[in-house]
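Here's a chain to pick through together, one question at a time. Have a look at the sequence and the fold before reading on.

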Amino acid sequence: MKTYRSRFMTTLILLVTGVLLTLGIVLGQLFKDFYLDSERDRLKEDAQLAALYLEGGELDEIREYVGQIDDGSSFDILLLNSRMEVIAGTPFRVGSIDYKIEPSLVPDEGTFGAADEDELIQFTKPIELATGETVYLTFIRYVSDLEGVYDRIWLTIALALFFSFFIILFVLQHLTNQFIRPIDEATIVLRELADGNYRARVYELRNDEETGSLAGSINVLARNLESISLGESVQRARLESLIEYMGAGLLLVDERGIVTLVNRSYREMFQYDDLSIGQFYHGILPSPDVESLIEDVYLTEEVHRRQLSIRTGFNQKTYMVSAAPIFSDTGMLRGTTLLFNDITELKRLEKMRKDFVANVSHELKTPLTSIRGFSETLLDGAKEVPELRDQFLDIIQKEATRMQVLVEDLLELSRLERDDFQMELVFVDLNQLVDEVCLLLSQKARKKSIQLEAKHHGTAVLQADLNRMKQVIMNLVANAINYSPEGSRVEISVEAEGDAYKLRVKDNGIGIAEKEVSRIFERFYRVDKARSRNSGGTGLGLAIVKHIIDLHHASIDVDSVEGKGTTFTITFPRD
């Protein structure tokens, strides 16, 4: 494709060439006509001057004079009688030319002949002799003798036009650089802008107002495009980051069923590491139910939501899948958006809430039933029997105490779960704290002939909430005593291992089945339900222990063999 500059220059060169050629032809013809007219005027003046000189002379003298002039001149001179016969001169080249004029047609002042002017120029002047006779003096100039002059005229014109052409070409080149270069630069910059290079600029320091204004306008446009592009890039980056790292899985399917967008969360949810856009959706959906959901959207062009249980590998999770149609500006269906929200944790929490309500209701129902039953029995007359009255009141007191402990544990658990809960951190000596707990529970251990043994392996001092830590150790040791047979041993040890302190509570009790180990920290969960109630347990102790351990940024592990015993290990990071 030719540039604007080349098209402009080509047009100007052709125009100038045409003008110069036309001018050369016109000038050449004008110069030729001018020179021819000059020759005619010169011929006339020479003929009239000669006739004036010869007027009234003798014929012989005139003939002699004509012969002398003819020999020294560049044109032919003829002397004709009244019959138009040559009586003097050398008409060698006029033999075949009709140069003769009727005497009656020649006026006194002379006239140009009727010969073809393309071949010769002829001027005839009558001369009266001394004898009264009239002769005719004819001057003849041959056009062929002027060809050399004509050639020089054409050569001069050609050279003048040739040099004029190059001068004009130089001037045009200068003007083109002055006026077309800004347009070329503007064109280049506009092409760069069209290609997305919004940092391109036009040189603005111009002497003329028009090109300077053009350059300034283009630069303003470029700066605005750059600003818009930068803002768009930032928005695109934010949108891509939002889509890629949003918690929900996102999948976009066009009207042909081709996947046009898929985010990172979707790949991670359903383990599609090699998933890419451009695939048909049938092969990359985690469940046939999702395919039917897409089909419903295409059929109804409405938003659909379903709660689906989808298995990925060994995990079964619950998702809220939302499918919404995508419409074009004209209202045509262009695709479907699929959004996968993992609600597994919400379902688990909902189940825990339901279980919690059921457990609390169940735990409160038994003591309330006992209290109500025995109180009604007392009111019905048992209070009159001292032995029954004392027995029933003792049972009512135990059930009320059990309800109080349950409520206190629930309140304690609620306090620990509050976001604004603050611990009172002090430096705690674990060895000393273990000794205090053993002392407090020694009487309970002696009742079952259980040996409490505390082992210390070096110092272990850390920042912790003293009362909460005491509650943890007492709970673990008390559970070990409760679930250990008589005559067994419970061992509490503290030792430093690397960057942590480890506290272990080991017993030789009933142990915990492997399938139940992961659930012992749940609320109201009991390994041996009958034995737990007989021991006065509420099923909340280990849940409270887990919360306190988490608040201290520590961890608790359980190692248990059913029928052989259990070991709880708490790992505290060193400060």
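Q: Which helix holds Tyr298?
A: This is a predicted model, where local features need pLDDT of at least 70, side-chain atom pairs count only at pLDDT 80 or more, and totals for chains, interfaces and linings use all residues. Residues are numbered from 1 along each chain as its sequence is written, and side-chain values use heavy atoms, with hydrogens and water left out. Helices here are DSSP runs of H or I with at least four residues, strands are E runs of at least two, and both are numbered from the N terminus. On that numbering, Tyr298 falls within residues 288-300, which is helix α6.

Q: Is Tyr298 buried, partly exposed or exposed?
A: Buried means under 20% relative accessible area, exposed means over 50%, and partly exposed is in between (1.4 Å probe, protein chains only). Tyr298 has a relative accessibility of 23%, so the label is partly exposed.

Q: Which residues does Tyr298 touch, leaving out those up to four places away in sequence?
A: A contact means heavy atoms within 4.5 Å. By that rule, Tyr298 touches Val253, Asp254, Glu255, Gly257, Leu333, Gly335 and Thr336.

Q: How far apart are the C-alpha atoms of Tyr298 and Ile326?
A: Along the chain, Tyr298 and Ile326 are 28 residues apart.

Q: Which loop holds Ser449, another residue to check for phi?
A: Ser449 is not a glycine, but has a positive phi of about 55°. Its place is the loop between α10 (442-447) and β12 (451-457).

Q: At what angle do α11 and α14 pack?
A: Two packed helices are described by the angle between their axes and the distance between the axes. Axes are lines fitted to C-alpha atoms, for helices over the stretch in contact, and angles run from 0 to 180 degrees between N-to-C directions. For α11 (residues 466-482) and α14 (residues 541-551), the axes are 10 Å apart and the angle is about 145°.

Q: Which residues of α14 meet α11, and how does the contact divide by type?
A: From α11 come Arg468, Gln471, Val472, Asn475, Leu476 and Asn479, and they meet Gly541, Leu542, Ile544, Val545, Ile548 and Ile549 in α14. For the types, Ala, Val, Leu, Ile, Met, Phe, Trp, Tyr, Cys and Pro count as nonpolar, Asp, Glu, Lys and Arg as charged, and the others, Gly among them, as polar. The contact divides into 7 nonpolar, 4 polar and 1 charged.

Q: Which residues of α14 are buried?
A: α14 is followed by His553, which has a positive phi near 55°. Within the helix, the buried residues are Gly541, Leu542, Ala543, Ile544, Val545, Ile548 and Ile549.

Q: Why is the pair of Phe162 and Phe163 edge-to-face?
A: Rings of Phe, Tyr and Trp (its six-membered ring) pair if their centres lie within 6.5 Å; planes under 30 degrees apart count as stacked, over 60 as edge-to-face and the rest as tilted. A search of the whole structure finds 4 aromatic pairs. Here the ring centres of Phe162 and Phe163 are 5.7 Å apart and the planes stand at 75°, so the pair is edge-to-face.

Q: Which residues make up the cluster linked by ring pairs?
A: Phe162 is partly exposed at 45% relative accessibility, while Phe163 is exposed at 52%. Ring pairs link them into a cluster of Phe162, Phe163, Phe165 and Phe166.

Q: Which element has the lowest mean pLDDT?
A: pLDDT is the predictor's confidence in each residue, from 0 to 100. The chain averages 77, and 84% of the residues score at least 70. Strand β15 (residues 500-506) has the highest mean among the elements, 89, while the lowest, 48, belongs to helix α13 (residues 529-534).
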